[in-house]
Amino acid sequence: MTALLTILLAFFQLAPSSQNTRCFLCHGKESFGVTEQGQFRSLFVSPREFAASIHGKFTCVQCHVDVKVIPHFIRPQKISCLQCHFEGNTAGAPVKWMPERYKESVHAKALEAGNPNAPDCETCHTTHYVKSPTDSTSTTYRKNVPELCGRCHKKQFEAYSKSIHYKALESGVLGAAVCTDCHHEHDVLPPSDPRSSLSPEGVVRTCAKCHSDTLLMEKSDVPVQQPQAYSESFHGIALENGMVKAANCTSCHGHHDILPASNPSSPINPKNLPKTCGKCHPNADQNVAKGKVHIIPGEKSAGVVYYVYTFFKWFTLIVLVFLFVHIILDISGYVRRKYARHE
Amino acid sequence: MDNKIPRFSRSWRVQHMLLMVSVLLLMISGFSLKYSETFWGKALIFLEGGFQARGSLHRLSAVLLFITAVYHLLYISLTKEGRSEFRGLLPRKSDFVDLKNGILYDLLRKSEKPAFGRYSYREKIQYWAFFIFILLMLLSGIILWFHDYFFAFLPKWAFDVSFMLHGGTAILVILFLLLWHLYIVHLSPGNFPANSSFWHGYVSEKWLKENHLLEYEEMKKKGMTTTKDEREA
């Protein structure tokens, strides 16, 4: 008897979807819904898609804990992801830093302030069809992120969709920057926040994350030395020392609609450089386009600067040797003469 | 008893003092920027009153150096004393012979030290090295300081070259100061701990005889090696 019960229990435990069939009797019908204040609200949940989601092996009532009898006649409470995703949970739900970081974000702050459009977990992750971000059908899959954010941020998406990053993404470079690479997924902070990935100092680190990644840059045929060269430049050193008015990456390259220098509408196109530099340096004219930007003096690509650098390197070394030899000669001569006198 | 012989005029000493103060300040404020990512660079910037104050200090000292340079150029071109000093500092064929003999002397191949005039190859190397360095530093420094103005005339690479030149020359300046100037006037035998003539302008008769024999003999001819009391007696 006990054995039979155990088997039965195990059966229900192992096959939760069979438990969900009772829910899907109603919720599995596409036309199922209620009319609230004259508006039809669908209560349909696709059994197939739910089963394919990361939560597909769970029963509906594991989240909708207030549903005790089926069919239920009261509207279940809005559920919270933190019901399971908390430290020490027994359901085996992974606990990461995301919810905590989210609480600091502009999204959470807007939600707290009463903005009904501010996104919560389910806005991006969906309610019933949550999938891993590595799943290409997930809303949070890299390639789908721009459209996901673009659902609300229409203007930004429009600008971004013109950019070289989006073009690369479309052409299959999955590593190309999407919204979340710069803005972060959960801890989206305003640029005015010093912790933000988009504060003046943060921007440089944010861009460098990908632009100093040799493998990724090789794949996209983009030179990898830019972040290092920037950090050694006037602008980079000034910014590093707290002069936030110094130009950072976005000051010249723009942000959402970043385009390569070869594109005539890019702010770093040689024709547009006087205007771009002119934002801070009023006398800038075509001269600013004569010469390379982001140079590393020790590399041949730096042009004339490389030769000046090389001259100084060798000349300094020769001078150093000459000065040392002179001192050693002088002291040894003095000592030996003194010694010779005592003989 | 050692006689004190006057060697440097007041103008010379004032120029040296101005140069010393401005170059020291420029080095402290300059290297703290060049090495701003290091611990000691950060410490220096802090002592200078922060990043912006560091910049102001550097530019202020640069103005002092500029004034010193102009003063010096006027001195060597307009005053009789300056012209004669400058003539003494011009490189001559004999300097190369002196250099060769100096090395042979130090290698014990020659028993006699070469007899130097008022300025030996040592002082001449020092003078001309700094003459060129200061010219380069002032030129590149002015371009970097007034970059907004120069944008109208100079291509972008000229600023990169100036930047490179400014930093590269700075290293040469400090090398020459530490290993040539500091050695010659402070650490070399006979001068330790310091040759104080930069301050009061006097050197001892013994020192002059040992280091600048020809100058000593000339002074002797003029009767300047004797003290006032001896002359009167």
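This briefing goes through the fold of chain B, its contact with chain A, and a few local backbone features in both chains. The model is a predicted one. Chain B holds 12 helices and 2 strands, and its side facing chain A brings 28 residues into contact with 34 residues of chain A.

**Chain B as a whole**

- Taken along the principal axes, the C-alpha atoms of chain B fill a box of roughly 65 × 40 × 35 Å.
- Chain B has 233 residues, and buried residues make up 23% of them.
- When contacts in chain B between residues at least 6 apart in sequence are considered, 65% of these contacts join residues at least 24 apart.

**Helix α1 of chain B and its packing partners**

- Helix α1 of chain B, residues 10–34, packs with helix α3 of chain B, residues 51–78, at an angle of about 150 degrees, and the two axes are 8 Å apart.
- Because angles over 145 degrees count as roughly antiparallel, α1(B) is described as roughly antiparallel to α3(B).
- The crossing of α1(B) and α3(B) is left-handed, and their contact, sorted by class, has 13 nonpolar, 10 polar and 1 charged residues.
- Helix α1 of chain B also meets helix α8 of chain B, residues 156–187, where the axes come within 11 Å and cross at roughly 125 degrees, so that α1(B) is oblique to α8(B).
- The crossing of α1(B) with α8(B) is left-handed, and the residues that make the contact are B:Met27, B:Gly30, B:Phe31 and B:Lys34 on the α1(B) side, with B:Gly167, B:Ala170 and B:Ile174 on the α8(B) side.
- By class, this contact of α1(B) with α8(B) has 4 nonpolar, 2 polar and 1 charged residues.

**The contact between chain B and chain A**

- In the contact between the chains, 28 residues of chain B touch 34 residues of chain A, and the elements of chain B that give two or more residues to this side are α5 (93–106), α7 (147–150) and α8.
- Helix α8 of chain B gives the most to the side that touches chain A, with 13 residues.
- The side of chain B that touches chain A has, by class, 21 nonpolar, 3 polar and 4 charged residues.

**B:Asp160, a residue of helix α8**

- B:Asp160 lies in helix α8 of chain B, and B:Asp160 counts as buried because 23 C-beta neighbours lie inside 10 Å.
- Leaving aside its neighbours within four places in sequence, B:Asp160 is in contact with A:Gly291, A:Ile295 and A:Val305.
- B:Asp160 and B:Ile76 are 84 residues apart along the chain, and their C-alpha atoms are separated by 33 Å.

**A strand hairpin in chain A**

- Strand β1 of chain A, residues 33–36, pairs with strand β2 of chain A, residues 39–42, in the antiparallel sense over 4 bridges, and A:Thr35 stands opposite A:Phe40 in β2(A).
- These two strands, β1(A) and β2(A), form a hairpin with 2 residues between them, and A:Gln37 in the turn has a positive phi of about 50 degrees.

**Cis peptide bonds**

- In chain A, the peptide bond from A:Ile70 to A:Pro71 is cis, with omega near 0 degrees, and A:Pro71 is found in the loop between α4 (60–63) and α5 (98–102) of that chain.
- In chain B, a cis peptide bond joins B:Phe192 and B:Pro193, with omega about 0 degrees, and B:Pro193 is found in the loop between α8 and α9 (197–200) of chain B.

**Positive phi outside glycine**

- A:Asp221 has a phi near 60 degrees, a positive value in a residue other than glycine, and A:Asp221 is found in the loop between α13 (214–220) and α14 (226–231) of chain A.
- With 7 C-beta neighbours inside 10 Å, A:Asp221 counts as exposed.
- B:Leu108 has a phi near 65 degrees, again a positive value in a residue other than glycine, and B:Leu108 lies in the loop between α5 and α6 (121–145) of chain B.
- B:Leu108 is partly exposed, with 13 other C-beta atoms within 10 Å.

Notes:
Residues are numbered from 1 along each chain as its sequence is written. Chains are lettered from A and ligands numbered from 1 in the order in which they are written. This is a predicted model: local features need pLDDT of at least 70, side-chain atom pairs count only at pLDDT 80 or more; totals for chains, interfaces and linings use all residues. Axes are lines fitted to C-alpha atoms, for helices over the stretch in contact, and angles run from 0 to 180 degrees between N-to-C directions. Angles under 35 degrees count as roughly parallel, over 145 as roughly antiparallel, 65 to 115 as roughly perpendicular and the rest as oblique. A crossing is left-handed if the near helix is turned anticlockwise from the far one by less than a right angle, and right-handed if clockwise. Two residues are in contact if their C-beta atoms, placed from the backbone, lie within 7 Å. Ala, Val, Leu, Ile, Met, Phe, Trp, Tyr, Cys and Pro count as nonpolar, Asp, Glu, Lys and Arg as charged, and the others, Gly among them, as polar. A residue is buried if 20 or more other C-beta atoms lie within 10 Å of its own, exposed if 12 or fewer, and partly exposed in between; C-beta atoms are placed from the backbone. Two strands pair if DSSP finds at least two bridges between them.
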